[in-house]
Protein chains: 2
Amino acid sequence: MDKSTLNNYFHSLFPIEEDIVNKITETFTYFELNKHTILLDKDTISTKTFFLEKGYMRSYILNEENEEVTTNIYAAPCFVNDFLSFFKQQPTKEIYQSITDCTFWETSLKNVQSNFHNIPEFREFSRLLFVINYYKLNDRVIEMASQKAETRYLNLLKQKPHIFQNVPLKIIASYLGITDSSLSRIRKETVKI
Amino acid sequence: MDKSTLNNYFHSLFPIEEDIVNKITETFTYFELNKHTILLDKDTISTKTFFLEKGYMRSYILNEENEEVTTNIYAAPCFVNDFLSFFKQQPTKEIYQSITDCTFWETSLKNVQSNFHNIPEFREFSRLLFVINYYKLNDRVIEMASQKAETRYLNLLKQKPHIFQNVPLKIIASYLGITDSSLSRIRKETVKI
DNA sequence: AGAAACACTTGACAAATGGCAAGAAATTAA
DNA sequence: TTAATTTCTTGCCATTTGTCAAGTGTTTCT
C-alpha cells in the first residue's frame, strides 16, 4: 500500500527525516469507509488514532432535543481523533461519521505511546499537532463570540470552498452554529453582493 | 518560596511521584503582577510558560473595530500559556492581562524542552494538559454553536460562580459572546426565576 | 420506474440580541 | 472628600436569527 499521503503529512508539518517518518508510520494500517458510516460512536472508547487520507468526515453531538450539532468537519489529509477518548481512554461524547467515501490509516494507542516515548521527533510532531488543532479551535471560538453568522459563513467559504462542494448545507449550518434556513437566507443575500 | 500549589497541581492531574514533580518544578521561579497589568502582549513571542498560583487573568484580542474580545478567563490554580507562541516561537495575536493581583511561577522553553524529552512523566503531563484544555475549548464551541446566551450564562454561573465575584461583567459578557447590555438584561431576567 | 427519504429554499412571524444613549452606582485617583 | 473614571443597568428601537410549515428538487432504495 502507498503510504505517501500519510508520510508527506509529517513532512509538511515540520522538518523531519524520511527514515524517522517511515519508522513512525510503520505500524499504520489501511482501511476504507463508505459514506454515512460511523467511525467512532458516542459512549465508546477510541482505541485507534486515525489519519484521513481521502474524503470528508464530521463529528457531532446530540443535544437535549436529540438534534445533531456538528462539532467539526474534517477534510483529508488530516488526523481525525477524539483526543480525550483516545489518550484518557474514556467514552466519547461525540459521534464521528463519514460524509463521503473515505480512506484511512490507523494505528493503536500502544504504538502511539511507544513512538511518543521512544522517538523524540514524534513527540515534537504530536505536540505540534495539538498546538495547531488547539489554535484552530481557538480561532473558531473567537469567531463565534465576535462575528455574526454571515461573516462566519463568508470566512468559511473563503477558507474552505471545497467543503461546500462536498458537505450538505445543513451540516455546514450546524457547524457554523445556525439553522439551515438561516444559512440558506444568508447565501441568498450574499450572492447579490 | 513555597511551591506547594504548583506541585499539588501536578499531583491533582494524574498519579505522579513527588520526587519527579520536584524535579520538574525545580526551575520554576516566582513573581507577582499587579492588577490590570499585561503579562504577555500582542505581537510578542512568549518565552516563558506561566503557572497562575493566585488571582484572575484573561486573554483578549482586538477586533477590526478595536474592541476587546475576551478569549479566555483564567482562575488560579492553572497554567496560562499561549501554546502557539510558546511552542512555535511566533508572535501572539492575543493579549494576556491580569484582572486582579496575581502570583505566578514561570520557567523557560529551554527547561520545558529538557523536561519534555528527559522526563517521561512530564511528557504525559504535558499531553494531558493539552487534551484537557482542548476539550474545554471544544465544549465552549459546542455551547456557542448550540445554546443561547442565557443558557451559556447560567452554565458559567453554575460552573464558575467565583468568576462573577472577581471579574467585571463586561469581560464576562465578551467571553460569553454577547454585549454587556445583553448580559445585564439576562441577569435581570434570570434573577426572577 | 416509482416511492421514500433527504436537501434546500422560502414566507410569515416570533424571539434573541445588538446599538446607542442616558443615568445610577461603584471604584479609583487626586 | 471631591472629582474622574469605570461599571452596570435600562429604555427604545433595529437587526439578526430562529421556528414552523410548505413546496420544489434531488438522491437513494427497492
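**Exercise 1. Determine how H5(A) and H5(B) are oriented relative to each other.**

Step 1. Take the helices. H5 spans residues 120-146 in chain A and residues 120-146 in chain B. Helices are DSSP runs of H or I with at least four residues, strands are runs of E with at least two, and both are numbered from the N terminus.

Step 2. Read the geometry. The two helices pack at about 20°, and their axes are 10 Å apart. Axes are lines fitted to C-alpha atoms, for helices over the stretch in contact; angles run from 0 to 180 degrees between N-to-C directions.

Step 3. Classify. Angles under 35 degrees count as roughly parallel, over 145 as roughly antiparallel, 65 to 115 as roughly perpendicular, and the rest as oblique. H5(A) and H5(B) are therefore roughly parallel.

Step 4. Assign the hand. H5(A) passes H5(B) in a left-handed crossing. Left-handed means that the near helix is turned anticlockwise from the far one by less than a right angle; clockwise is right-handed.

Step 5. List the contact. H5(A) contributes residues including A:Arg123, A:Phe130, A:Tyr134, A:Leu137 and A:Val141; H5(B) contributes residues including B:Arg123, B:Phe130, B:Tyr134, B:Leu137 and B:Val141. By class, this contact has 12 nonpolar, 4 polar and 4 charged residues. Ala, Val, Leu, Ile, Met, Phe, Trp, Tyr, Cys and Pro count as nonpolar, Asp, Glu, Lys and Arg as charged, and the others, Gly among them, as polar.

The model is predicted: local features need pLDDT of at least 70, side-chain atom pairs count only at pLDDT 80 or more, and totals for chains, interfaces and linings use all residues. Residues are numbered from 1 along each chain as its sequence is written, and chains are lettered from A and ligands numbered from 1 in the order in which they are written.

**Exercise 2. Describe the side of chain A that touches chain B.**

Step 1. Count. 27 residues of chain A are in contact with 27 residues of chain B. Contact means C-beta atoms, placed from the backbone, within 7 Å.

Step 2. Find the elements. Strand S5 (68-75), helix H3 (83-88), helix H4 (109-118) and H5 of chain A each give two or more residues. H5(A) gives the largest share, 16 residues.

Step 3. Sort by class. This side of chain A has 16 nonpolar, 7 polar and 4 charged residues.

**Exercise 3. Characterise the fold of chain A and the end of H8(A).**

Step 1. Chain A has 9 helices and 8 strands. Its C-alpha atoms fill a box of roughly 55 × 35 × 30 Å along the principal axes.

Step 2. Turn to H8 (residues 169-176) of chain A.

Step 3. A:Gly177 follows H8(A), with a positive phi near 85°.

How values were computed. Contact = placed C-beta atoms within 7 Å.
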